[in-house]
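Welcome! Here is a short briefing to read alongside the structure, grouped by topic.

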Amino acid sequence: MRRRLIVRDGYRCQCDMCEAGGAPRPITLATMELDHIVQVADGGTNDPSNLRCLHIECHARVSAAQRARSALAGGEAARPGG
């Protein structure tokens with residue numbers, strides 16, 4: 001599935017910051033992690049339509065921001081990954 005998704009996403013990071021910058025970061029299978037667009041805890045699924053390829057560093061940043069928002073909202077504060 002990882003290979004199909006990286007091809008689908010054009011070997012480019014799909015995070016909002018990369019997209020907004022107009023030059024999405026290149027990724028490989030070694031530098032790519034899958035991110036749930038709608039988190040499983042929030043009702044998201046593992047369907048490919050709910051997954052996007054992110055660079056490892058972008059995924060860490062996105063996941064940290066999601067955990068911070070969850071903590072502020074009173075949700076689970078420290079879930080690793082995304």
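Helices (H or I, at least four residues) and strands (E, at least two) are DSSP runs, numbered from the N terminus. This is a predicted model, in which local features need pLDDT of at least 70 and side-chain atom pairs count only at pLDDT 80 or more, while totals for chains, interfaces and linings use all residues. Residues are numbered from 1 along each chain as its sequence is written, and side-chain values use heavy atoms, leaving out hydrogens and water.

**Strand 1**

- His36 sits in strand 1, which covers residues 32–36.
- His36 is buried, with a relative accessible area of 12%; buried means under 20%, exposed over 50% and partly exposed in between, using a 1.4 Å probe and protein chains only.
- The side chains of His36 and Asn46 are joined by a polar contact of 2.6 Å. Such a contact is a pair of N or O atoms within 3.5 Å; within protein, one must be able to donate a hydrogen and the other to accept it, and residues adjacent in sequence count only if both atoms are side-chain atoms.
- Leu34 also has its place in strand 1, and its relative accessibility of 24% makes it partly exposed.
- Beyond its neighbours within four places in sequence, Leu34 is in contact (heavy atoms within 4.5 Å) with Arg2, Leu5, Leu51, Arg52, Cys53 and His59.
- Between the C-alpha atoms of Leu34 and Gln14, 20 residues apart along the chain, the separation is 10.0 Å.

**The largest nonpolar core**

- A nonpolar core is a set of buried Ala, Val, Leu, Ile, Met, Phe, Trp, Tyr and Cys residues joined through side-chain atoms within 4.5 Å.
- The largest one here has 12 residues, among them Leu5, Ile27, Met32, Leu54 and Val62.
- At least two residues of this core come from each of helix 1 (2–8), strand 2 (51–55) and helix 3 (56–72). Strand 2 gives the largest share, three residues.
- Val62 touches Cys15, Asp35, Arg52 and Leu54, not counting residues up to four places away in sequence.
- In soluble globular proteins, nonpolar side chains tend to be buried together.

**The cysteines**

- How many disulfides does a search of the whole structure find? The search finds zero, a disulfide being a pair of cysteine sulfur atoms within 2.5 Å.
- Cys18 is in no disulfide, and the nearest cysteine sulfur, that of Cys15, is 3.6 Å away. Cys18 counts as buried, at 12% relative accessibility.
- For Cys58, the closest cysteine sulfur is again in Cys15, and at 3.7 Å it is too far for a bond. Cys58 counts as buried, at 5% relative accessibility.
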